[in-house]
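Q: I would like to learn how to read a structure of this kind feature by feature. Could we begin with the place where the chains meet?

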Amino acid sequence: MMSEIGAIEPLLEIEGLCVNIASRRGNVAAVRNVSLSVAPGEILGVVGESGSGKSVTALAVIGILPAAACVAQGRVRFAGRALDLTGRHGGDRDGLAIIFQNPRAALNPIRPVGRQLVDALRVHSSLSMGQATARAVELLKQVRIREPVRRFWSYPFELSGGMCQRVMIAIALACEPRLLIADEPTTGLDVTTQKAIIDLIVALAARRGMATVLITHDLALAGERCSRLAVMQGGQVVEIGATAEVLSRPREPYTRSLIAATPRADQGARPPESRTLGGLVPKPLLLVEGLCRDYRLRNAGGTAARAWARLSHPGEARRIDIVRAVDNVTFRLSAGESVGLVGESGSGKSTLAALIVRLIDPSAGSILFRGKDIGAIRARDAARAPHRREIQMVFQDPSASLNPRHTAFAAIAEPIRRLGPLAGNRQLDIVVRELAEMVELAPALLTRLPHQLSGGEKARVGIARAIALRPSLLVLDEPTASLDVRVQAVILDLLAKLRSEFELTYLFVSHDLAVVRRICDRVLVMRAGCIVESGMTEQLLSAPTHPYTKELVAAIPHAVVSREHCHTAPTG
Amino acid sequence: MEFARHLPYMQPRAGSGSLILIVALGLVGVVAPWIAPQDPLATNVAVALKPPSSIHWFGTDAVGRDVFSRVLIATRLDLSIAATAVALAFIVGAAAGTISGYFGGWIDAAIGRLTDTIMAFPLFVLAMGIVAAAGNTVANIVYATAIINIPTYIRVARAEVLVRRDAPFIQAARLVGNGPPRVLAFHLFPNVLPPLVVQASLNMSYAILNAAGLSFIGLGVRPPTPEWGIMVADGAAFIISGEWWVWLFPGLVLTGAVLAFNIAGDGLRDFFDPQKR
């Protein structure tokens with residue numbers, strides 16, 4: 001246990017840390033003279049955009065810097081001991097645990113997640129196999145995994161990204177660390193899970209005196225949960241102090257611009273735009289009725305594994321082979337509307353989006369687009385279906401949704417070449433340049449390949465591609481989820497502008513209610529494949545009726561952000 | 001592990017060295033008939049089994065043919081057998097593997113079982129069987145070498161396609177009006193090409209060995225055609241009696257070619273790996 005002195009002294013002390021990364025164009029200083037300290041039980045928030053050196057600092061502390069990086073200067077002390085910063089394989093880091101951003105990559109793809117949890121438990125303690133298994137199930141339950149016994153035998157690819165992250169958190173917590181470094185732990189998770197997981201970390205920190213470093217680009221989250229905040233930019237800590245102090249009286253212009261760009265659930269709602277003409281109810285553009293999509297689970301765990309589960313937990317081990325991802329969903333979209341589809345990961349909202357754009361075939365139900373059942377066309381033939389150019393999609397991950405071997409120009413020109421009116425190369429060039437201008441993408445960037453573009457630029461290319469054919473319905477699947485908060489604000493403004501310019505209809509899939517509030521007239525709330533509540537955005541968010549919606553609304557992080565001091569904030 | 005960290009820095013040099021060797025071999029193959037100092041088929045018993053000299057750089061064989069000229073001429077035959085076989089295997093294997101991975105279902109099952117069947121045989125024995133049954137002509141050696149190499153390409157292509165089949169950029173391509181053939185040809189295939197090219201380079205060495213091996217055991221190119229495998233086989237009779245030059249020089253060139261393609265394959269793999277750029 002911790003001594004009296006240990007409780008007063010900082011648990012982790014970073015002094016003048018400098019990390020260089022070797023690249024073909026010489027050394028880049030990724031971390032410059034960073035000094036931070038964390039006391040036991042304290043939660044320190046480290047905030048900044050991608051590339052600001054947050055993660056590199058964490059990797060240096062935990063001792064797993066990539067081969068190209070080296071610590072040039074500085075010292076790190078943990079629990080009174082100086083850590084060896086030259087090694088690359090962890091080592092002498094007992095009591096330190098880290099959670100990464102990409103959970104699926106961190107899990108062994110060919111081993112059931114429960115077994116991986118048991119492995120971690122047995123390496124760090126003397127539990128027997130049975131005890132470790134029981135503890136593992138208990139941990140899975142703690143990170144809010146439903147049916148932990150069945151999930152124990154699931155492979156990472158059978159779980160959603162959110163579930164994988166919960167498993168990772170369970171593994172990190174399994175060893176009862178004294179310091180937990182959480183590197184964007186809830187990025188990509190829905191707000192309710194985010195809340196549950198952060199609650200769990202906060203509770204553990206309080207109970208066990210566990211110190212936590214929360215690395216995030218989400219200022220609202222950090223502001224709500226952390227006692228102190230460090231703001232990083234360009235490898236340096238530009239501002240550090242008590243959370244309330246930093247948020248209410250930011251000294252640095254950079255901090256102010258971050259605060260200004262953070263969407264807040266309690267402001268910024270757009271007045272609902274009524275597009276009904278002369279009191280007529282407009283004809284629905286899209287009418288979805290009784291839509292279902294089933295997935296067959298292939299053999300959850302081996303035969304022996306199932307038998308074991310059945311013996312040890314007779315109640316829960318019932319085999320369910322069919323999962324209904326989308327369950328009897330009915331809704332309508334009128335032309336010109338912007339409708340948000342919210343729900344947590346695994347609620348079926350992405351499946352619903354994929355059904356509507358006809359990437360996958362429905363199991364039952366109909367999708368009527370302008371009165372024609374497009375659900376009856378097989379997904380394989382949908383590429384050439386007449387409605388194709390009318391329904392387009394903006395994908396969640398701007399990097400993964402661009403062909404790595406096509407330039408930005410080719411990506412934007414592709415839909416025009418395939419489905420647009422036949423035109424010469426000259427005209428195509430003009431049209432693509434116009435599109436680039438519409439999404440505010442510099443024409444010089446058109447010749448670049450995706451890996452030469454920033455996240456925000458890739459997002460613009462994705463949007464330009466989606467609007468190239470002037471579709472009437474645009475399905476946006478979490479278009480801003482993987483972007484930095486300042487870029488996110490700019491992209492949301494762009495989407496709002498494009499919508500009014502081209503009279504687009506938006507189906508906006510998101511887990512972020514604050515973002516939805518900014519852009520949607522109406523909201524559908526989805527849970528476990530069903531739409532549980534729908535209504536006008538303002539009404540639904542201020543007076544939710546379904547308990548799940550209430551939970552969602554309550555889970556939005558509310559940092560006490562004062563706007564009075566940020567009038568001069570520049571936007572990115 | 002310690003050694004592995006230095007690999008990225010070592011590989012490019014070894015890779016470019018092997019590339020120079022491959023280009024040199026290719027050039028020799030093209031111009032051999034014009035630079036060969038002697039007629040590779042001309043026998044002259046008077047100078048049989050003479051050690052290397054200024055006239056016969058690599059010495060002469062049992063019937064007095066110039067080993068140097070024969071090695072040069074053989075380069076063209078050996079490289080073209082290997083290259084044609086690899087090209088055939090590449091085209092058939094990449095197409096079958098891509099289709100198998102993309103469409104799945106019964107096509108995948110059928111192609112998968114076919115590869116399993118081919119791979120169930122010891123591959124060299126299978127090649128021997130094919131040549132023995134079909135007759136030992138150059139064309140049949142090419143077909144046999146191609147057939148035993150096809151499964152590798154099928155498996156590599158299929159695995160790469162499976163990883164990318166449902167990637168968002170493929171979905172995006174479908175949404176903007178690309179039917180399955182276009183998605184396959186213009187979006188998936190270019191992205192699975194790099195590992196296939198690496199495989200082809202590694203395969204070249206195997207194909208050279210295979211062709212030479214078939215000839216060595218008498219199932220390949222027929223004498224007196226100059227071919228590395230036959231020349232090593234001819235020389236094998238003189239290992240004990242001490243006429244080392246008859247087998248050594250064709251063997252060295254054969255080894256050099258195999259090594260060059262192997263190292264070039266490793267170099268290409270690093271070149272295509274974005275992590276190592």
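A: This is a predicted model, and the contact in it draws 22 residues from chain A and 17 residues from chain B. The size of an interface is often given as the accessible area lost when the parts come together, but here we can read the contact by its residues.

Q: Which helices of chain B each supply at least two residues of the side that touches chain A?

A: These are helix 6 (168-175) and helix 7 (180-216) of chain B, and helix 6 of chain B gives the most to that side, with 7 residues. By residue class, the side of chain B that touches chain A divides into 9 nonpolar, 6 polar and 2 charged residues.

Q: How many helices and strands are there in chain B?

A: Chain B has 9 helices and 0 strands, and its C-alpha trace spans about 75 × 45 × 35 Å along the principal axes. Of the 277 residues in chain B, 42% are buried, and among its contacts with a separation of 6 or more, 70% are between residues 24 or more positions apart.

Q: What do the corresponding totals look like for chain A?

A: Chain A contains 20 helices and 20 strands. Buried residues make up 49% of its 572 residues, and residues 24 or more positions apart account for 73% of its contacts with a separation of 6 or more.

Q: In what order do the 6 strands of the open sheet in chain A run, and which strands stand at the edges?

A: The order is 6-7-8-3-9-10, and the pairing in this open sheet of chain A is mixed. Strand 6 (96-99) and strand 10 of chain A are at the edges with a single partner strand each, so one side of each has no neighbour in the sheet. With direction ignored, neighbouring strands of this sheet are turned by 15° against each other on average.

Q: Which helices of chain A should be read together with this sheet and its strands?

A: Helix 2 (residues 54-62) of chain A packs on the sheet, where it touches strand 3 (43-47), strand 6, strand 7 (179-183), strand 8 (211-216) and strand 9 of chain A, and its direction makes about 145° with that of strand 7 of chain A. Helix 7 (residues 161-174) of chain A lies across strand 6 and strand 7 of chain A, and runs at about 175° to strand 6 of chain A.

Q: How many bridges join strand 9 and strand 10 of chain A, and in what sense do they pair?

A: Strand 9 (residues 228-233) and strand 10 (residues 236-242) of chain A pair in the antiparallel sense over 6 bridges, with Met232(A) standing opposite Val237(A) in strand 10 of chain A. The hairpin of these strands has 2 residues between them, and Gly234(A) takes a positive phi near 55° there.

Q: Which residues have the most contacts inside the largest nonpolar core?

A: In soluble globular proteins, nonpolar side chains tend to be buried together. Here the largest nonpolar core has 235 residues, and those with the most contacts inside it are Leu117(A) and Leu507(A); the largest share of this core, 17 residues, comes from helix 2 (residues 67-103) of chain B. Leaving aside residues up to four places away in sequence, Leu117(A) touches Ala136(A), Leu139(A), Val167(A), Ala170(A), Ile171(A) and Ala174(A).

Note on methods
Residues numbered from 1 in each chain as written. Chains lettered and ligands numbered in written order. Predicted model: local features only at pLDDT ≥ 70, side-chain atom pairs only at ≥ 80, totals over all residues. Helix = DSSP H or I, 4+ residues; strand = E, 2+ residues; numbered from the N terminus. Buried ≥ 20, exposed ≤ 12 C-beta atoms within 10 Å, placed from the backbone. Contact = placed C-beta atoms within 7 Å. Nonpolar A, V, L, I, M, F, W, Y, C, P; charged D, E, K, R; others polar. Pairing = 2+ DSSP bridges. Axes fitted to C-alpha atoms, helices over the stretch in contact; angles between N-to-C directions. Core = buried A, V, L, I, M, F, W, Y, C linked by C-beta atoms within 7 Å.
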